[in-house]
Amino acid sequence: MTGAPPRDRPILSVRDLHLAIAGRGRHTPILRGASLDIAPSEVHGLVGESGAGKTMIGKAVLGIQPSPARISGGSVLFEGRDVTHLSERERRALMGRGMGLIPQDPMTSLNPAHRIGAQIADVLRLHLGMDRPAAGARALELLNEVHVRAPERVLRQYPHEISGGMRQRVLIAIAFACRPRLIVADEPTTALDVTVQRQVLALIKRMQAQEGASILFVTHDLGVVAKICDRVTVLHGGRVLETGETRRIVEAPEHDYTRALIAATPRHDRPGDLLRPVPEALTARLNAEALAYDAAHGSHG
Amino acid sequence: MAESVLLEAAGLRLSLPDYSRKPPFGPAPPVDILHGIDLAIAPGDTLGVVGESGSGKTSLGRTLVRLHRPTAGRLLFDGRDIANLTEERLRPLRAQFQMIFQDPQSSLNPRRRVADIVAQPLHLHGRAATRAEARRQVDALLERVALRPAHGERYPHELSGGERQRIGIARAIALRPRLVVADEIVSGLDMSSQAQILALLRELRRDLGLALLFISHDLSVVRTVCDRVMVMLNGRAVEQGECAAIFASPRHPYTRRLLNAIPLPDVDPGWVARTADNQLGEELSMNVKDSVALVTGANRGVGEAFVRVLLDRGAAKIYAAMRSTDGYEAPDGRVRPLALDVTDHGRIAEAAAECGDVTLLINNAGVNRNRPISDDDALRNARDEMEVNYFGTMEMCRRFGPVLAANGGGAIVNMLSLLSRVNLPMIGTYCGSKAAALSLTQGVRAELAAQGTLTVAVMPGAINTRMGDMNPPPLEDPADVANAALDAVEAGEEDIYPGVMAEGVSQGLAADAKAVEKEFAAYLPG
Amino acid sequence: MAEAAVSGARRPRATGATTRRLLTNRRVVLGGAVLLFFALAAIFAPLLAPRDPVEQDLLLQYVPPVWSDEAEAGYLFGTDNLGRDILSRLIYGARIALFVAVAAAAAAGLLGTVLGLIAGYFGGWIDITISRLVEIWMAFPAVLLSIVLVAVMGTGLHSVVIAIAAIDWTRFCRVVRAETMAQKQQDYVASAVTIGLGRARILWREILPNVVPLLIVLFTLEMGIAVIVEAILSYVNLSLASDFPTWGGMISDGRKYVNQAPWLMILPILCVIALVLALNALGDGLKDALDPAMRR
């Protein structure tokens, strides 16, 4: 791990990130000065509802300009280096050994025309320059690590021949294949059945602990956050409302919105609690704050 | 409940054509989706239906509102069997049972304005004489679901997911139905939209006296909405009852596993780590339907029950293995008698070569000399028991392991006994052979799992067969035991204790093994 | 509303959005403009054409177009071997080309759509019967079949239209059938069943409107095909009497004099190419522009 930053310095630092959809005289802000830090070996949850901008942050961290939106201010420092304006070539060099991605949809994230083995081996050959036999052997090892049964057979299979849970395992194997220092996990268990979700979460956690990687864990599910994340950032309307240790956020949330989200989460062990939707007044207040922020900061770019 | 049942299903079965297996010429073969569902909903009642993907819960919902026609079974709505009514006969009744669909995106016609969508059922059933009257009712309905009349002018794609789902609800209640089937109606929504929709649903139930069948993959959501719950797995209801009881003490292992898998929003760093090593891997489980099974000791007792139950659950072929097939009459064309003595190891190897298509091996053959250790022939008895119960099982696993691997993994069911965990006086050698077989089963499990084979150990109490009739009651029905074992195969369970007695003993063993042992020692005859 | 994102922007109205998407699509605008140009020429042919397209002037044979040194004033595109004004013939030719295109596409579309909707919605033996018919139909080579049909029915504009429709309805039928089957899987159809809508109304009132965008695209592309087939048929003299101005007939005539008067052949070829390209571009553009409106 040469060149890794010292332990106290964050491996990833999102600073005052602004992102907007601009065009045809309209300027629609998506991220309004979002900031977060992830320490080495930290699993950092990014929670929010749809439209909060959490997926956009994930994309920006991966150096992707999320079309049609554009980064209009701020920076994303990965190991001290700004990744917001990388060329395609620089970005590709960063992927693999620097960063990995566990995508949301295991159905569409594998190429249906290629065998599983070839898809894992391609990543290894591209980023680590392995030759064909070495990549094949390492692919087998990786499938073993993600607890795929009969990995030899799976290597020869096509994506449509294996289950959704197994596909997500393959994608986890690909994400960790080049031993990246940071993984962006974008709602990695949302599409899975709950029993499979538990296994996949356990697998991600185990691989993360074993490799010492950091994870930016994007999710809408506070339950998942409570089980797997060390720290959490709560996002709404592209603004960070609060950030802190998971226990503190879940047990003693400071922001009304975090409290409201927890109250809106159903739980089978407390049937007496009636679910309380996020109060309209709160949503209205947050929207007003967001618009006030826009007014105060003008349009970036 | 008999007089106040609104909707009742009995033995409801459904098969649909399976286009993935359609031959180039001729129709697609049917695939069984529902295997005999029984349920009843009283007016104003709420029943939650929970299951994972492929459990058949959505098909069940669609069958209950007769979007599908059941292949067998009764479906009574308000006392009238609607299972086989034609669409024309059904149409006047449809106003009384409505459905809210999972995906409001696809369930609202994208080419119609919201007001037209909501008004359509009103016009169709003559609930609004004039346009103005329809519009007035539409506005009232929109208000009912917390939308403004202005929403009526929009097209579905101009609304948010939560708003669209409200339109789906407004349309479903427009005709004032007595039953609404809600199929995963919050699964695509944010937490706050979800909470709003659930609150709305509760309100509507209270105000309109709706009966609700609420289908969801999420036990937590079901718990907040429903009074009763039904857990589905592979087209069967594995457990059904009052929410309070089922959530407090789930009886079926699958229900337990579902509950345990839900991440509650409580900080629990150990939660992830507690996912046992053997659960990290892909779940092993298989469908009994279309399996090719081999049952040893198939001519009597539990073995015979296995053959019957396998037939009932749609096994493609069953090798009924027994020492001698003389006089055995196969109950069905799918049953192939097979002469196989599990103490004849040469014959086992031959059988493995002959039956190369087996995907489910049921090691049921067992022997109990039923003699105390003081018996003159104790050594020979013990050897006989070990030969069948231990070596027979071992050799079957050894020879059929590669067959199962070649057929994609499959499953092995080893029929053991509660006496592999706890001993009964006077039959110590039998208990010893079963204990050895249990250790064997648990020992080879990981080895077989690596090739994708699930290995299930079944530990029933006394069973109502000739072999078990000298045992203390309660006696289990052999068919129940066979069904429990096959449920375990489908759920991917590893060690099961079917029946009240077995379950009780296994809990007792976990709490205080010595006490159970003492209790069993008291069964000393004479 | 809580679920509304903090975007501040209202979602655009459906109709407005579709119009905007159409007007910002380059292929739609270009293809539409060229089509409009030909359509106006066809409609106002009697006003626009400087001369009678069949009037011969044997004193003014082979007058080259205006860009040539030997051009005659008043004959923009020159004259042909019989001294007929080429510009006027092209303008009247557009009339025939577009009439055939619209009529044939409409007839093929009507037949194909009705059968496609029925096959896709009812399935079973109805679907099997219609699908087999389509397959057998498509096994015949299209151009040969049309020549045989016209030969049997006799030449003339109506024969041409009927021949094209009789062949190309299969194109509509297949696509509409597939789209109907896809739409039938959508829950809005299941929802229409649960409120008690009858089959015919579900098919016409619920499914058909969702197939219309696809039909518009197919119709446009079919017009392009019809223009070519009509040109081929008149080229082999199976369309209208040879002195009647059709582009295909002009190409056929011009071929004989291609050495001394190449413009006789080149100009109608350019017209056919321009119109067909425009229709194809329009069809492709419409597919892009209408599709998201249908799915979203």
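Predicted model: local features only at pLDDT ≥ 70, side-chain atom pairs only at ≥ 80, totals over all residues.
# Briefing on chains A, B and C

Residues are numbered from 1 along each chain as its sequence is written, and chains are lettered from A and ligands numbered from 1 in the order in which they are written.

- In chain A, 13 residues of domain 1 are in contact with 13 residues of domain 2; two residues are in contact if their C-beta atoms, placed from the backbone, lie within 7 Å.
- On the side of domain 1 of chain A that touches domain 2 of chain A, α7(A) provides the largest share, 7 residues. Helices (H or I, at least four residues) and strands (E, at least two) are DSSP runs, numbered from the N terminus.
- That side of domain 1 of chain A consists of 9 nonpolar, 2 polar and 2 charged residues. Here Ala, Val, Leu, Ile, Met, Phe, Trp, Tyr, Cys and Pro count as nonpolar, Asp, Glu, Lys and Arg as charged, and the others, Gly among them, as polar.

**Where chain A meets chain B**

- Contacts link 42 residues of chain A with 40 residues of chain B.
- On the side of chain A that touches chain B, at least two residues come from each of α6 (164-176), α7 (194-211), α8 (222-228), α9 (246-251) and α10 (256-264) of chain A.
- The largest share of that side of chain A, 9 residues, belongs to α7(A).
- By residue class, the side of chain A that touches chain B holds 20 nonpolar, 11 polar and 11 charged residues.

**Chain B**

- Chain B has 18 helices and 17 strands.
- Its C-alpha atoms fill a box of roughly 95 × 55 × 45 Å, taken along the principal axes.
- Of the 526 residues in chain B, 48% are buried. A residue is buried if 20 or more other C-beta atoms lie within 10 Å of its own, exposed if 12 or fewer, and partly exposed in between, with C-beta atoms placed from the backbone.
- Among the contacts in chain B with a separation of 6 or more, 66% are between residues 24 or more positions apart.
- An open sheet of 4 strands in chain B has the order β2-β1-β4-β5, with antiparallel pairing; two strands pair if DSSP finds at least two bridges between them.
- β2 (30-41) and β5 (80-81) of chain B are at the edges with a single partner strand each, so one side of each has no neighbour in the sheet.
- Strand β4 (residues 72-77) of chain B pairs with β5(B) in the antiparallel sense over 2 bridges, and Leu76(B) stands opposite Asp81(B) in β5(B).

**Chain C**

- Chain C contains 11 helices and 0 strands.
- The C-alpha atoms of chain C fill a box of roughly 80 × 55 × 30 Å along the principal axes.
- Buried residues make up 45% of the 296 residues in chain C.
- For contacts in chain C with a separation of 6 or more, 70% join residues 24 or more positions apart.
- Helix α10 (residues 247-256) of chain C is largely enclosed by the rest of the structure, because 8 of its 10 residues are buried.
- The buried residues of α10(C) are Trp247(C), Gly248(C), Gly249(C), Met250(C), Ile251(C), Ser252(C), Asp253(C) and Gly254(C).
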